[in-house]
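I opened this entry to record what I looked up, in the order I looked it up. The sequence and structure go in here before my notes.

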Amino acid sequence: MHKIISWGQKAFTVLEIIMVITIMGIMAVLVINRITGTAESRINLAAEKIVSDIRYCQNLAMALHEEVRLSFSIPEDKYEVKDSSGKFFKDPFTQENFVVDFTASGPLRGISIDNVDFNSGNELRFDALGHPEDVGNNPLTSQGRIDISYKGYSKTIVVYPNTGFCKKL
């Protein structure tokens, strides 16, 4: 039958579960990329990384009950994750400032951020309830979009208004 968990029993927090799922997803993508190593797999890896980071930021905003910002820089091919005061969040893997730089060495080197559009801005914010907003703290009125490319391959990541659900196309 069903076992009811009483308040005295220990359990995992939502943040711990989110971290484990995020780590497993990124590790799986990294393993696949190491096996295949093709341009197509590299662009898929980058798209999965962005989707995973967007989901992580949305969950982080809800868990901490504060705004989380993802700022994309097209000329520098990178994005950063900060709080509302501009302070960097720590990357859950490196424990350094949460910056994903596609010009740095590693499996994502050479990925180009071609277009970012969140209500005509380059910043995606999540409020304390996980709702997606633009740089002016206005709710997204249409799908947000990030276009990336690598050696003739391209991917688009979309973020849906209201829910913040994101996926790669």
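Which residues does I148 touch, not counting residues up to four places away in sequence? I note that this is a predicted model. I listed I43, A46, A47 and I50 among the residues that I148 touches. I also found I111, S112, I113 and D114 on the list, together with Y153, S154, K155 and I157.

I then looked up the largest nonpolar core and found 38 residues in it. I148 is among those with the most contacts inside this core, along with I54, L70, F102 and I146. I wrote down the elements that give two or more residues to the core: the helices α1 (14-36) and α2 (39-64), and the strands β1 (68-73), β2 (78-83), β4 (112-117), β5 (123-126), β7 (144-150) and β8 (153-159). The largest share, twelve residues, comes from α2.

Next I took the chain as a whole.

Last, I checked burial and surface. Buried residues make up 42% of the 169 residues. The chain exposes about 9,700 Å², and carbon and sulfur atoms supply 57% of that. I logged 18 positive and 20 negative side chains, with the centres of the two sets 7 Å apart.

Key. Residues are numbered from 1 along each chain as its sequence is written. This is a predicted model: local features need pLDDT of at least 70, side-chain atom pairs count only at pLDDT 80 or more; totals for chains, interfaces and linings use all residues. Side-chain values use heavy atoms; hydrogens and water are left out. Buried means under 20% relative accessible area, exposed over 50%, partly exposed in between (1.4 Å probe, protein chains only). Accessible areas come from the Shrake-Rupley method with a 1.4 Å probe; for residues, only the protein chains shown count as cover. Lys and Arg count as positive and Asp and Glu as negative; His and the chain ends are not counted. The place of a charge is taken as NZ of Lys, CZ of Arg, CG of Asp or CD of Glu. A nonpolar core is a set of buried Ala, Val, Leu, Ile, Met, Phe, Trp, Tyr and Cys residues joined through side-chain atoms within 4.5 Å. Helices (H or I, at least four residues) and strands (E, at least two) are DSSP runs, numbered from the N terminus. Contact means heavy atoms within 4.5 Å.
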